[in-house]
Amino acid sequence: MLESVGLLTGSPWIYAVVAVSVLLDVFLPVLPSGVLVITTATAAAAGTTTVAGAAAGAADKVAQVPREVPSLLILMVCAAVASVLGDLVAFRLARRDGGRLTRALARSRRLTIAQERLGGALSRGGGILVVIARFAPAGRSVVSLSAGAAHRKVKEFLPWSVLAGVAWTGYSAGLGYFGGQWLGASWVGAAVSVLALFAAGALAAYVIRRPAAASARAAAVTAAPAA
């Protein structure tokens, strides 16, 4: 897998590509931003392993760090900053003209389903669900657009957006880096890391939907006529 994207991960442009992908996937949840972060982090792990092996195998030679090895720290900073900026852009646009964005959202089946599943739960669950929803499919889009359309204050939304972006970035980059260290910098390690990212998304969606389902059952019991 790394061979097929070697030219991209070996260029400084990889940081711009990751940043743009993360920033825009709040509007286009189909963008593989998580996969890009994992793949780049796996490439960083490959470079670290290569340099360590060269140093251990040739003590009398100077191990040179390949220039094409991406920096994990720069990757994480770019992804986290882009995540927060994307959230704020969506939040501001929805706050300024929520009606138009609501109609645009209604044209996307994926976002409509996410809105139905997450919207009510997020309105009741508070800020921590903003962090959990960052891992759920289209959860970031629903949170940012819904918060803006509801005219929430920036100071209420921004801290949770920052925490969500840092948590998602750390998890995704950690999967790629440690997966590359433990399983090797190959398509196997990257695939296992991507599956772990999808598993976290499925778990986040389940955690968010569970309170909503419980509330719906409680409301049905309350509304039922007394026997």
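Helices α2 (residues 13-24) and α4 pack with their axes 8 Å apart, at an angle of about 25°. An angle like that makes α2 roughly parallel to α4, and α2 goes past α4 in a right-handed crossing. Keep in mind that we're looking at a predicted model here.

On the α2 side, the touching residues are Y15, V18, A19, V22 and L23, and α4 answers with I74, L75, C78, A79, A82, S83, L85 and G86. Sorted by class, the contact of α2 with α4 has eleven nonpolar residues, two polar ones and no charged ones.

| Helix pair | Angle | Axis distance |
|---|---|---|
| α2 and α4 | about 25° | 8 Å |
| α4 and α8 | about 40° | 7 Å |
| α4 and α9 | roughly 145° | within 9 Å |

Now for α8. Helix α4 covers residues 72-96 and helix α8 covers residues 139-149. At about 40° between them, α4 and α8 are therefore oblique to each other. The crossing is again a named hand: α4 passes α8 in a right-handed way. From α4, the contact takes in A82, S83, G86, D87, A90, F91, A94 and R95, while α8 supplies R140, S144, L145, A147, G148 and A149. Those residues of the α4 and α8 contact split into seven nonpolar, four polar and three charged.

Then there's α9, a helix spanning residues 154-183. The crossing of α4 and α9 is right-handed. Helix α4 brings L72, M76, A79, A80, S83, V84, D87, L88, F91 and R92 to this meeting, and α9 brings V154, F157, L158, S161, V162, G165, T169, G170, A173 and Y177. The class count for the contact of α4 with α9 reads 13 nonpolar, five polar and two charged residues.

S83 turns up in the contact with α2, in the one with α8 and in the one with α9.

**The cavity**

The structure holds one cavity of 30 Å³ or more, and the space in the largest cavity comes to about 30 Å³. Helix α8 gives the largest share of the lining, three residues. By class, the lining of the largest cavity has two nonpolar, one polar and three charged residues.

Technical notes: Residues are numbered from 1 along each chain as its sequence is written. This is a predicted model: local features need pLDDT of at least 70, side-chain atom pairs count only at pLDDT 80 or more; totals for chains, interfaces and linings use all residues. Side-chain values use heavy atoms; hydrogens and water are left out. Axes are lines fitted to C-alpha atoms, for helices over the stretch in contact, and angles run from 0 to 180 degrees between N-to-C directions. Helices (H or I, at least four residues) and strands (E, at least two) are DSSP runs, numbered from the N terminus. Angles under 35 degrees count as roughly parallel, over 145 as roughly antiparallel, 65 to 115 as roughly perpendicular and the rest as oblique. A crossing is left-handed if the near helix is turned anticlockwise from the far one by less than a right angle, and right-handed if clockwise. Contact means heavy atoms within 4.5 Å. Ala, Val, Leu, Ile, Met, Phe, Trp, Tyr, Cys and Pro count as nonpolar, Asp, Glu, Lys and Arg as charged, and the others, Gly among them, as polar. On a 1 Å grid over the protein atoms alone, a cavity is a set of points where a 1.4 Å probe fits but cannot get out, and a pocket is an open set with protein on both sides within 12 Å along at least five of seven lines; lining residues have an atom within 4 Å of a point. Grid points are joined across faces, edges and corners, and a volume is the space filled by probe spheres set on the points.
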